[in-house]
Amino acid sequence: MYTNSDNIVALATLVGKSALSVVRLSGCDSKKIFQKLTKTKKNPLPNHVYPKYIYSPSESDPFDFASIVYYKAPKSFTGEDGLEISVHGGVIMANRLLETLFLFGARQALPGEFSFRAFKNNKIDLLQAEGISAIVQANNSVDSYYLLNNIKGGLSKEINKIIKDIN
């Protein structure tokens, strides 16, 4: 079962050869994890891109150069503090980053857990959460077009209008 009191992390891009791998983290320790990961004492400003060397706690040399964005609650997808970290692509850097974030106290997010937190924190409604899940599974552009409307809240607005008209 999902909890809301810890830090979760997940790879946001496909595993494999690519220019970048993106990892997302959500939770109350995001700012501290940013500081540990970058070996800086300065607090990150929200919504700024920080090009930084990133470090494992067991090594003095950085293992990659990353772009990191810090999101401050409630202005994030989940409604919590969060990080979006872009490292060099391929399996090695993404795995090193995930392993490092686990050492800093984050855990692997369960499937749908980011959307669950967004729902729980009133950032999206249930239809939007279902739309996100469905668009990930979509097999054609027509489906994705209509599912994006659900994610934007189109279906929810129509249902609320009908409910208002009935009352």
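This is a predicted model: local features need pLDDT of at least 70, side-chain atom pairs count only at pLDDT 80 or more; totals for chains, interfaces and linings use all residues.
## Strand pairing

Strand 1, residues 8-11, pairs with two strands. With strand 2 (20-26) the pairing is antiparallel and runs over four bridges; Val9 has Leu25 of strand 2 as its bridge partner. With strand 6, residues 107-108, the pairing is parallel and has two bridges.

## Nonpolar core

The largest nonpolar core has 21 residues. Those touching the most other members are Leu37, Ile54, Ile68, Leu83, Ile85, Leu97 and Leu101. Two or more residues each come from strand 2, helix 1, strand 3 (49-54), strand 4 (64-71), strand 5 (82-88) and helix 2 (91-103). Helix 2 contributes the most, with four residues.

Beyond its neighbours within four places in sequence, Leu101 is in contact with Val9, Val23, Leu25, Ile33, Leu37, Ile85 and Ala106.

## Gly27

Gly27 lies in the loop that joins strand 2 (20-26) to helix 1 (30-38). The relative accessible area of Gly27 is 2%, so this residue is buried, the cut-off being under 20%.

Outside the four places on either side in sequence, Gly27 is in contact with Asp6, Asn7, Glu80, Asp81 and Arg117. Gly82 is 55 residues from Gly27 along the chain, and their C-alpha atoms are 6.0 Å apart.

Notes:
Residues are numbered from 1 along each chain as its sequence is written. Side-chain values use heavy atoms; hydrogens and water are left out. Buried means under 20% relative accessible area, exposed over 50%, partly exposed in between (1.4 Å probe, protein chains only). Contact means heavy atoms within 4.5 Å. A nonpolar core is a set of buried Ala, Val, Leu, Ile, Met, Phe, Trp, Tyr and Cys residues joined through side-chain atoms within 4.5 Å. Two strands pair if DSSP finds at least two bridges between them.
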